[in-house]
Amino acid sequence: DLVYKQNKLIFAFSLVWWSNSLVHLSAKLAIMSLERQVQAKLAAKRDVQQDKEAQEWIESILGAKFPPGQAYEDVLKDGTILCEVINKLAPGSVSKINKSGGQFKFMENINNFQAAIKNYGVADIDVFQTVDLWEKKDIAGVTNTLFALGRQTYRHSEWPGPWLGPKPSEENKRDFSEEQLKAGQTIIGLQAGQNKGATQAGQNIGAGRKIIIGK
């Protein structure tokens, strides 16, 4: 009887262990499946032509081709090329580029590049996340950042080229004098009076207002 009870207890523990193992395995498989779906969606976002144009722009700036046989994202991964690019556009932007030292040093390169291009004028929203490049989570986002940087070069008259992407449209700003704004208020007032009780409630046209066309 004692042996029977021991065997029964061992069998019960075995069932619990296998049950937990199956739960963990199922969860792991579900996560892997989700990651594959995410990677597939990110891969679908990539534009091979844009990657090619970004690569050619970098090669033109640095005067050197990417190493043959290496993928675009692998060449950019350690951040050294990116830091060299921003240093060409704005000398001294990254004071130290880590050529060795492992993961943390290379990720530091990427972080330094991100900070430098923000100082150069690229908007935060256009800057990729470090893991997008280091873990290749969103290479399309990396290329989009390079295009944003390329657009920003047009705004720096000291940069002789090459550029990347179309030139941003110029803002057409119109500054109105206080007299012109007051005249506009008078016209609005007349229109409101002739429009069956319509009023100017909620309107706020101040003397310092600027109307920007085409932004």
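Modeller: Starting at the N terminus, the order of elements in the protein chain is α-α-α-α-α-α-α-β-α-β. That makes eight helices and two strands (DSSP runs numbered from the N terminus, with helices being H or I of at least four residues and strands E of at least two). The model is predicted, so local features need pLDDT of at least 70 and side-chain atom pairs count only at pLDDT 80 or more, while totals for chains, interfaces and linings use all residues. Residues are numbered from 1 along each chain as its sequence is written, and side-chain values use heavy atoms, with hydrogens and water left out.

The pair to look at is helix 5, residues 103–120, and helix 7, residues 139–153. Helix 5 contains 18 residues, and from first C-alpha to last it reaches 26 Å, close to the 26 Å expected at 1.5 Å a residue (the expected span is 1.5 Å times one less than the number of residues). In helix 7, the end C-alpha atoms lie 21 Å apart, which agrees with the 21 Å that its 15 residues should span at 1.5 Å each.

The two helices pack at an angle of about 35 degrees, and their axes are 10 Å apart (axes are lines fitted to C-alpha atoms over the stretch in contact, and angles run from 0 to 180 degrees between N-to-C directions). Their crossing is left-handed (the near helix is turned anticlockwise from the far one by less than a right angle).

Which residues of the two helices meet? Helix 5 brings Phe113, Ile117 and Tyr120, and helix 7 brings Thr145, Leu146, Leu149, Gln152 and Thr153 (contact means heavy atoms within 4.5 Å). By class, this contact has five nonpolar, three polar and no charged residues (Ala, Val, Leu, Ile, Met, Phe, Trp, Tyr, Cys and Pro count as nonpolar; Asp, Glu, Lys and Arg as charged; the others, Gly among them, as polar).

Phe113, Ile117 and Tyr120 are among the buried residues of helix 5, a list that also includes Phe106, Met107 and Ala116 (buried is under 20% relative accessible area, exposed over 50%, partly exposed in between, with a 1.4 Å probe and protein chains only). The buried residues of helix 5 pack against helix 4 (80–89) and helix 6 (130–134) as well as helix 7. Across the 215 residues of the protein chain, 28% count as buried. After helix 5 comes Gly121, which has a positive phi, near 125 degrees.
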